[in-house]
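My notes follow in the order I took them.

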Amino acid sequence: MWTMGTDFRYQYAVSWFRQMDKFIHYVNLDGRVNALYSTPSIYTDAKYAANEKWPLKTGDFFPYADRENAYWTGYFTSRPALKGYVRMLSGYYLAARQLEFFAGRFGSGPSTDALGDALSIAQHHDAVSGTQRQHVAADYAMRLSIGYKEAEKVVSSSLAALTGSRLNSMHTDPVPQFQQCPLLNISYCPPSEANLSDARSLVIIAYNPLGWKREEVIRIPVSSDDLVVLDSNGREIESQILPLSNVSLLTINFHTKAYLGTSASSLARYWLAFSASVPPLGFSTYAVSGAKMSESRSFSSSVYTPDEGNGKTFEVGQGNLQLLYSANEGKLTRYTNRRNSVTSLAEQSYSYYTGYNGTDRVFQASGAYVFRPNNSFSIKPEGQVTSVVIRGPLLDEVHQQLNTWLYQVTRVYKGKEHAEIEFTIGPIPVDDGFGKEIIAQISTGLNTNKTFYTDSNGRDFIKRIRDYRADWDVEVHQPIAGNYYPINLGIYLEDETTEVSVLVDRAVGGSSLVDGQIELMLHRRLLNDDSRGVGEALNEEVCVLDSCKGLMVQGKYYLRIDPRGEGAKWRRKFGQEVYSPLLLAFSEEEGNNWMSSHITTFSAIDHSYSLPDNIALITLQELENGRVLLRLAHLYETGEDKDNSAVTSVELKKLFPEKKVVKVREMSLSGNQERIEMEKKRLKWKVQPPPQFDQEEEAEIPSVRGGAVDPVELVVQLAPMEIRTFIIHFSYDNDDDDDDDDLLLFAS
């Protein structure tokens with residue numbers, strides 16, 4: 001089969017097909033070949049009919065190059081702000097659909113469909129990849145924003161209904177009673193910045209879209225440092241006030257005008273942090289008010305600059321995790337976990353590659369698709385690094401201004417055993433005529449023998465070996481770009497005793513180019529097109545009126561070091577929490593009667609139940625006909641973890657305790673056909689034996705799957721890495737269809 005066509009070719013479809021008709025006609029006149037317009041199905045059926053044995057490929061094709069010095073590994077990071085926006089709204093969409101189901105979907109009024117459509121379009125191979133022109137990227141972002149605005153109304157009205165609010169729970173009201181803050185990444189949240197003097201209180205609903213209870217620290221920008229926080233039971237809880245960073249204060253007004261189109265002065269001067277406990281698939285309520293003279297109040301963090309001088313160090317972290325820094329250079333030097341006795345050398349730094357301009361014999365520049373570095377340079381502080389340390393009962397922070405366009409905050413939470421690194425990069429300077437690609441490097445003393453592991457679409461981890469491909473003898477012309485891989489969830493290293501894991505908050509490119517070191521590319525700004533169809537340089541800017549400057553990107557990555565074999569638990573569970581953060585909604589009340597007049601805690605599942613730690617609920621969506629689409633995923637691979645890499649059960653009755661399940665239909669992964677019918681049509685291919693098998697033996701590929709759904713207990717089994725999809729029918733009092741028939745189940 002020859003694939004026909006490529007980008008833009010069908011703009012001239014009549015001419016294209018007229019020429020193709022002639023080609024087919026004259027080929028068939030010869031008689032030796034029968035040429036025809038085909039489809040993937042026709043081609044597949046023909047290959048199956050050949051009754052041959054086929055080689056089995058279990059890896060992927062990364063990294064890909066179409067010629068010398070042209071590795072398509074730059075797009076793993078291209079347009080990091082768009083990648084972050086898609087990731088953020090994907091998690092929001094998951095939570096919004098859940099709330100839409102819990103509160104009940106109405107035929108009229110706002111829905112989550114527009115956001116779902118925008119996210120679907122953003123999965124195009126020239127969308128989230130960042131390989132489109134600037135005006136097209138802006139159009140994708142606009143569609144996402146429009147979809148978010150409608151989904152925001154769904155979330156607000158659903159929460160109003162679920163809290164029992166008498167404010168307004170009608171889905172048709174265009175003004176939500178609960179406000180949300182999509183610009184928290186630039187420290188902008190008008191409802192939380194309001195003046196809480198007199199008897200006014202800020203009400204915060206924290207919704208947890210995951211199937212297990214979460215204990216987290218919530219951070220919101222506020223205008224006052226004299227506050228008190230109450231939980232769902234009206235009890236005061238521990239909270240902490242932290243100063244807003246200088247980089248936030250200097251850029252908030254510019255970015256609010258850029259993103260909102262109007263001037264909106266922020267009142268925020270501090271961060272308020274407090275501990276939250278949120279039930280599975282449910283919410284908890286918190287109230288923030290001005291502290292009265294007789295009350296205790298939020299703890300004001302201590303702020304200091306460590307003493308400088310040779311041999312001086314300082315330490316942050318008041319829980320199990322402690323990080324040691326050198327005071328004179330401000331560099332991380334040691335990572336210690338007192339619970340599991342892990343102590344490791346650890347350094348963290350930034351560098352950049354200059355992008356090749358394409359003037360050599362192959363005329364290949366670094367661009368939106370292609371990563372072709374010319375030289376690398378360490379980002380060294382402009383003068384002495386001043387580290388500002390902020391301490392408090394909930395978390396410690398280390399703030400570092402590495403240069404005029406790179407700012408970093410490292411956070412260590414008292415109750416967590418990982419470090420959170422927040423970076424703000426940009427505008428990347430290009431006035432020297434060179435595009436730049438910014439990287440972070442985490443260096444340890446591990447002896448990793450060229451080996452590291454990256455995730456495949458957030459699911460299984462694939463073993464990577466530097467300068468090696470399992471399927472062919474590779475000649476790597478670009479030792480940096482030729483060893484870069486896509487990272488959607490994370491990357492990790494291991495040696496005989498230790499694992500080092502890094503998780504990301506959006507898709508990035510990364511590698512391990514030196515044993516014991518992890519490298520992530522965080523931002524790119526380039527001045528040349530790479531001749532792969534974009535037709536313009538990857539030079540993103542943000543403009544307010546006639547003032548434009550290079551794009552600033554804020555993001556996070558997370559570092560943890562464990563004994564070997566114990567890192568998977570954190571990667572899998574915390575990876576879900578990164579993808580699905582707590583959804584925050586804000587309201588305001590006069591007085592303190594919210595806790596007594598509203599439902600303050602809610603969980604959609606049985607109060608005694610939570611999903612197992614190795615199972616994720618990845619889809620819970622009410623369909624137009626009132627049925628529900630449910631998709632469950634096992635998070636672990638076979639042999640990945642001694643406890644969690646096992647067949648696990650989910651009890652549907654406890655997942656839907658207030659509803660009567662009358663029919664469960666197991667579907668294909670995409671949900672468009674019943675699994676039992678799909679299995680009947682599945683082609684059973686003959687596979688060539690792997691090299692270790694005798695050539696006469698049939699290669700049996702072990703496949704473990706969860707069993708049939710228990711028809712009485714309604715228990716679903718999931719084997720490692722298995723995803724199962726169901727359409728569930730519930731019994732409603734006003735049903736007139738066949739939902740009252742006997743329970744009907746389709747399963748493998």
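**Entry 1**

I began with Ser111, which is placed in the loop between α3 and α4. Helices and strands here are DSSP runs, numbered from the N terminus (H or I of at least four residues for helices, E of at least two for strands). The model is predicted, so I note its terms: local features need pLDDT of at least 70, side-chain atom pairs count only at pLDDT 80 or more, and totals for chains, interfaces and linings use all residues. Residues are numbered from 1 along each chain as its sequence is written, and side-chain values use heavy atoms, with hydrogens and water left out.

Is Ser111 buried or exposed? I found Ser111 buried, at a relative accessible area of 11%. Buried means under 20% relative accessible area, exposed means over 50%, and partly exposed lies in between (1.4 Å probe, protein chains only).

Next I looked for contacts, meaning heavy atoms within 4.5 Å. Leaving aside residues up to four places away in sequence, Ser111 touches Glu100, Arg105, Glu150, Ala151 and Val154. I also checked Ala96: 15 residues separate it from Ser111 in sequence, and the C-alpha to C-alpha distance is 9.1 Å.

**Entry 2**

Two packed helices are described by the angle between their axes and the distance between the axes. The axes are lines fitted to C-alpha atoms, for helices over the stretch in contact, and angles run from 0 to 180 degrees between N-to-C directions.

I took α4 (residues 113-121) and α5 (residues 134-162) to start with; they pack at about 155°, with axes 7 Å apart. That makes α4 roughly antiparallel to α5. The cut-offs: under 35 degrees is roughly parallel, over 145 roughly antiparallel, 65 to 115 roughly perpendicular, and the rest oblique. α4 and α5 cross in a left-handed way. A crossing is left-handed if the near helix is turned anticlockwise from the far one by less than a right angle, and right-handed if clockwise.

Which residues of α4 and α5 meet? From α4 I listed Ala114, Leu115, Ala118, Leu119 and Ile121; from α5, Tyr140, Arg143, Leu144, Gly147, Tyr148, Glu150 and Ala151. The contact of α4 with α5 divides into nine nonpolar, one polar and two charged residues. Classes: Ala, Val, Leu, Ile, Met, Phe, Trp, Tyr, Cys and Pro are nonpolar, Asp, Glu, Lys and Arg are charged, and the others, Gly among them, are polar.

Then α3 against α4: the angle is about 140° and the axes are 11 Å apart. This crossing is left-handed. Val86, Leu89, Ser90, Tyr92 and Tyr93 of α3 touch Leu115, Gly116 and Leu119 of α4.

For α3 and α5, I read an angle of about 30° and axes 9 Å apart. These helices are therefore roughly parallel to each other. α3 passes α5 in a left-handed crossing.

**Entry 3: aromatic rings**

How many aromatic pairs does the structure hold? I got 27. Rings of Phe, Tyr and Trp (its six-membered ring) pair if their centres lie within 6.5 Å; planes under 30 degrees apart are stacked, over 60 edge-to-face, and the rest tilted.

I followed up Trp72 and Tyr369: the ring centres are 4.8 Å apart and the planes stand at 55°, so the pair is tilted. Trp72 is in the loop between β1 (53-54) and α3 (80-103), and Tyr369 in the loop between β13 (342-355) and β14 (373-378), so the pair ties together parts 297 residues apart in sequence. Trp72 is partly exposed at 21% relative accessibility, while Tyr369 is buried at 8%.

I also noted one aromatic cluster, formed by Phe101, Phe102, Phe283, Phe602, Phe656 and Phe730.

**Entry 4: backbone checks**

Most residues other than glycine have a negative phi, and most peptide bonds are trans. I looked for exceptions.

The Phe62 to Pro63 bond is cis, with omega near -10°. Pro63 sits in the loop between β1 and α3. The Gly426 to Pro427 bond is cis, with omega near -10°.

Lys450 has a positive phi, near 65°. Lys450 is partly exposed, at 40% relative accessible area. Asn457 has a positive phi, near 55°, and is exposed at 66%.
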